[in-house]
Amino acid sequence: MPQAILLREHGGPEVLRVEDIAVAAPGPGEVRIRQTAVGVNFHDCYVRSGLYQTLKLPGIPGLEAAGMVIAVGDSVAGFAPGDRVAYFFAAYGSYASERVIGADRLVKIPNGVNDATAASLMIKGLTALMLVKHVHALGPDDTILVHAAAGGVGLLLSQWAKHLGARVIGTAGSPEKAALAKQAGCEEVILYRSEDFVARVKDLTGGKGVSVAYDSVGKDTFYGSMECLADLGHLVNFGQSSGPIDPMAVSLLSKGSYTLTRPMLFHYCATRPALEAMAAELFAAIADGTLSVAEPATLPLTEAGEAHRRLEARETTGALVLTV
Ligand SMILES: NC(=O)c1ccc[n+]([C@@H]2O[C@H](COP(=O)([O-])OP(=O)(O)OC[C@H]3O[C@@H](n4cnc5c(N)ncnc54)[C@H](OP(=O)(O)O)[C@@H]3O)[C@@H](O)[C@H]2O)c1
C-alpha cells in the first residue's frame, strides 16, 4: 500500500505522520511514479509550521523527489515505464512513496547521478543556478557574501559562484561547517554566531563591501547584509531560516543605490523550456565537475519529523533526503 506523510494540522515536527494512501491511475498528460528519494527543504518547515499557508490541509507536503515511472496516462510523450525521473513541483505532494504528477514537471536523471542525489538537487541545484546566473550574472569582478554557506543551497551556490570567478565570503554556524564551506570555494568563512559579520566583511573588502549579498537567513541577518553592500550593491533575499524579516523602509536602499530582489525558483522554471534548459545546465555542471556534490544524508520517509527537527536545529550540512 502506498504511504505518505499527511499534514493534518500545522505545528512542530511531530505533526508529520505516515499514513496509507490511495494513488489514482494517471490521467491524460500524467505519469505515476514509484518514488525512491524525497528532497527535504527548509520551505517544507515553513509549510509544516504554518508560516507559509500554501498547502491546503490535510495535504501531502514536499516539493521534490526522484524515482521510477511505473505507468503513463494518455498523450504522454517522452516518458515511459522504467524511466528514472526527478522533479520539483510547487503544488507539493512529494512526501510519498508513490504519486501521480504531470509529465511536464519531470526531467530524466542522467546516468551517473543516483536517485538520492537527483532528489537533493532539483530545488537546491536549480536555486543555485538561478542565483548565480539569472538573479545576478556573477563574474570575476564580483565579491559576494553567502550566508549559511555550508547548507544545502549554500554549498552549491558557493561552488558555482567560485567557478564563475567571483570571490566568495561565506558565513557558517560552526567551525566544522566553515571547513566544508571553504572546500566549496569560500575564500573566507565568518562564524556569524560569534563574530560581527558586518565588521568582518568590511575588513575583508578593504572597507568597500560586497557587490552581491545572498541572504537566506532572513530575520537575523537581513539588515546586516545590507550594511555589507558596496555602492550599487545587490541584496538578494531568498529565504528566512531564522524567521520573517521585519518590514523595511524602501528609502534605506538609497544609502548606496542598492538593488533588492526576492526571487522564488518556481517563477524562473515556470515553463517547460525554462525547466528543461535549467535542468540540463545543472546536470552538465555536475558532469563537467563545476559542482562536486556529496552524497546527501538520508533518513527513511517515516522519519520526516526528525529530518525537520535536524534542519531547524541547524544540525545539517549539505542536503538531506528521505528514502522510501
Ligand atoms: N527562494 C527560493 O526559490 C528558494 C529555493 C530553495 C531554498 N530557499 C531558501 O534557502 C535557504 C536554504 O535552504 P536549504 O533547504 O538549503 O537549508 P539549509 O541552508 O541546509 O539549512 C538552513 C541553514 O540556515 C542557517 N540558519 C541560520 N539561522 C538559522 C535559524 N535560526 N534556524 C535554522 N537555521 C538557521 C543554518 O546554517 P548555519 O548553522 O551555518 O547558520 C542552517 O543549517 C532557506 O532559507 C530556504 O527557504 C529559497
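Guide: A salt bridge here is a side-chain nitrogen of Lys or Arg within 4 Å of a carboxyl oxygen of Asp or Glu. Bear in mind that this is a predicted model.

Visitor: How far apart are the closest N and O atoms of Glu9 and Arg17?

Guide: They are 3.5 Å apart. Because the limit is 4 Å, the pair Glu9 and Arg17 counts as a salt bridge.

Visitor: How many salt bridges are in the whole structure?

Guide: The search finds 16. Among them is Arg34 with Glu98, where the closest N and O atoms are 3.4 Å apart. Another is Lys124 with Glu64, at 3.2 Å between the closest N and O atoms.

Visitor: Changing topic. What does the domain assignment give?

Guide: Domain 1 is made of two segments, 3–114 and 295–323, and domain 2 covers 124–264. Their C-alpha centres lie 29 Å apart.

Visitor: How many residues are in contact between domain 1 and domain 2?

Guide: On the domain 1 side there are 14, and they meet 16 residues of domain 2. Between them the two domains bury about 1,100 Å², with 53% of that on carbon and sulfur atoms.

Visitor: Which three residues supply more than any other three of the area that domain 1 buries against domain 2?

Guide: Arg314, Thr317 and Gly318, which supply 43% of that area.

Visitor: And what about salt bridges and polar contacts between domain 1 and domain 2? How many residue pairs are in polar contact?

Guide: There are 10 residue pairs in polar contact, counting those with both residues at pLDDT 80 or more. The salt bridge count between the two domains is 1.

Visitor: On to the rings. How many aromatic pairs does the structure hold?

Guide: It holds 4. One of them joins Phe222 and Tyr223, with the ring centres 5.1 Å apart and 90° between the planes.

Visitor: Why is the pair Phe222 and Tyr223 edge-to-face?

Guide: Because planes over 60 degrees apart count as edge-to-face, and this pair is at 90°.

Visitor: Is Phe222 buried or exposed?

Guide: Phe222 is buried, at 3% relative accessibility. Tyr223 is partly exposed, with a relative accessible area of 29%.

Visitor: Which residues form one aromatic cluster?

Guide: Phe42, Tyr46 and Tyr52.

Visitor: Last one. Where does the charged end of Lys108 sit?

Guide: Over the ring of Phe79, 5.4 Å from the ring centre. There is also Arg105, which lies over the face of Phe88 at 5.5 Å from the ring centre.

Note on methods: Residues numbered from 1 in each chain as written. Predicted model: local features only at pLDDT ≥ 70, side-chain atom pairs only at ≥ 80, totals over all residues. Heavy atoms only, no water. Phe/Tyr/Trp six-rings, centres within 6.5 Å; stacked < 30°, edge-to-face > 60°. Buried < 20%, exposed > 50% of the residue type's maximum accessible area, 1.4 Å probe, protein only. Lys NZ or Arg CZ within 6 Å of the ring centre and 35° of its normal. Domains from an automatic or database assignment. Contact = heavy atoms within 4.5 Å. Buried area = accessible area lost by both parts, 1.4 Å probe. Polar contact = N/O pair within 3.5 Å; in protein donor to acceptor, adjacent residues only side chain to side chain.
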